[in-house]
Amino acid sequence: MPEQLTPSPAAFAEFSPLRLEEPLARWTTLRVGGPAEWFFEPRRPEDLAALLTALHKAQIPFRLLGGGANVLAPDAGVRGAVIHTGALRRIFLEGTALRCWPGATIQQTVRAAAGNGLHGLELLMGVPGHIGGALAMNAGSADFGIWDVVEEVTVWEPEGPWKARARADFDPQYRNGNLGQAVSLEILLRLEKSTKVEVKITQEALLRKKNQTQPVTLFSAGCAFKNPLGESAGRLLDQAGMKGVSVGRASVSTLHANFVVTEPGATSADVLTLLEKMASAVLEYAGITLERELVVW
Ligand code: EPU
């Protein structure tokens, strides 16, 4: 018998439920993407850490997937493992802080803050995705990112034990948590005491504004490009005439020009070609090279 080089997925089953050839279109907000060869959904942070260590040792490539709200998965799918954080949903209240598992949704967390009269997460109202993904992307608004309220993150790293690290150990940037190979297992968000009513009023106002300015009822991955320093990618794309432009079943939102929206039947290739058109239009119109926010797998 020849030696089997690739361990079978069953070797990892003790750490997590597993699906084979799971369509990524189901798990991404753009609703495109082919199958993930192995699709894990660990249930506890310690299981996530053990799974990561086992995959790393076996040299199986892996990707983390949160709410799929900022990912463009290829039509051909991905080989290796995708680890979905959807089952890691706990949030614990600790005084004026929230301790979150990475699969807690951003909206669950924002509502937990409001429910406990805690101020600091309002600007994440209406943002799709999971807290782990939010940390990886430094999700937020134009001038706020979740890292502004992070106190401590317990991370898994390829070499070395997993441990809690203080905010000062990280170097997040605009729309980039800069985590490198580290994977968050538990996140402590430091908030401030306010009142339920006050937090709710701010949240509702922000949600109303978002509903007026963003295509929240359509399939999209939020803003496709980062804002260039001192500029708005949405405004530039709008001025460059991109609203409503489409490729296949993907189009630029007519409400906000930095959102690509998809219809059933859209492909990853449609989205990619459209992104290239958008970037070229802004380069031609304003001489500015847009940087993608959307993570292309
Ligand atoms: N604008 C246009 N046309 C458009 C879109 C925008 O003229 O098609 C103008 C607006 O009128 C406004 C300016 O551009 O004067 C900025 O627009 P907006 O307030 O919508 O903010 P943004 O910079 O486009 C940023 C974040 C969003 C976040 C909003 C609101 C980035 C890339 N985008 O958008 O984040 O929701 O602020 O806080 O930082 C995301 O990152 O995925 C995202 C959606």
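Analyst: In this predicted model, an oxygen atom of the ligand lies 3.4 Å from a polar backbone atom of Ala142. Two further pairs involve side chains: an oxygen atom of the ligand is found 2.9 Å from an N or O atom in the side chain of His256, and an oxygen atom of the ligand is found 2.8 Å from an N or O atom in the side chain of Glu293. Taken on its own, the ligand has 820 Å² of accessible area, and the protein covers 74% of that area.

The elements that give two or more residues to the shell around the ligand are strand S9, spanning 140-141, strand S15, spanning 219-223, and helix H5, spanning 233-239. Helix H5 supplies the largest share of this shell, with 3 residues. In total, 20 residues surround the ligand, and the closest of them are Tyr174, Cys223, Asn227, Asp238 and Ala257. Sorted by class, the shell around the ligand consists of 8 polar residues, 6 nonpolar residues and 6 charged residues.

Turning to the chain that provides this site, its secondary structure comes to 19 strands and 6 helices. Along the principal axes, the C-alpha atoms of the protein chain fill a box of roughly 60 × 55 × 30 Å. The radius of gyration of the protein chain is 20 Å, which agrees with the value near 19 Å that a compact globule of 297 residues would have. Among the contacts in the protein chain with a separation of 6 or more, 63% are accounted for by residues 24 or more positions apart. Buried residues make up 49% of the 297 residues in the protein chain, while the accessible surface of the protein chain comes to about 14000 Å², with 52% of this surface belonging to carbon and sulfur atoms.

When residues up to four places away in sequence are not counted, Asp47 touches Phe15 and Pro42.

Definitions and conventions:
Residues are numbered from 1 along each chain as its sequence is written. This is a predicted model: local features need pLDDT of at least 70, side-chain atom pairs count only at pLDDT 80 or more; totals for chains, interfaces and linings use all residues. Side-chain values use heavy atoms; hydrogens and water are left out. A residue is near a molecule or strand if one of its heavy atoms lies within 4 Å of it. A polar contact is a pair of N or O atoms within 3.5 Å; within protein, one must be able to donate a hydrogen and the other to accept it, and residues adjacent in sequence count only if both atoms are side-chain atoms. Accessible areas come from the Shrake-Rupley method with a 1.4 Å probe; for residues, only the protein chains shown count as cover. Helices (H or I, at least four residues) and strands (E, at least two) are DSSP runs, numbered from the N terminus. Ala, Val, Leu, Ile, Met, Phe, Trp, Tyr, Cys and Pro count as nonpolar, Asp, Glu, Lys and Arg as charged, and the others, Gly among them, as polar. The radius of gyration is taken over C-alpha atoms; the globule rule is 2.2 Å times the number of residues to the power 0.38. Buried means under 20% relative accessible area, exposed over 50%, partly exposed in between (1.4 Å probe, protein chains only). Contact means heavy atoms within 4.5 Å.
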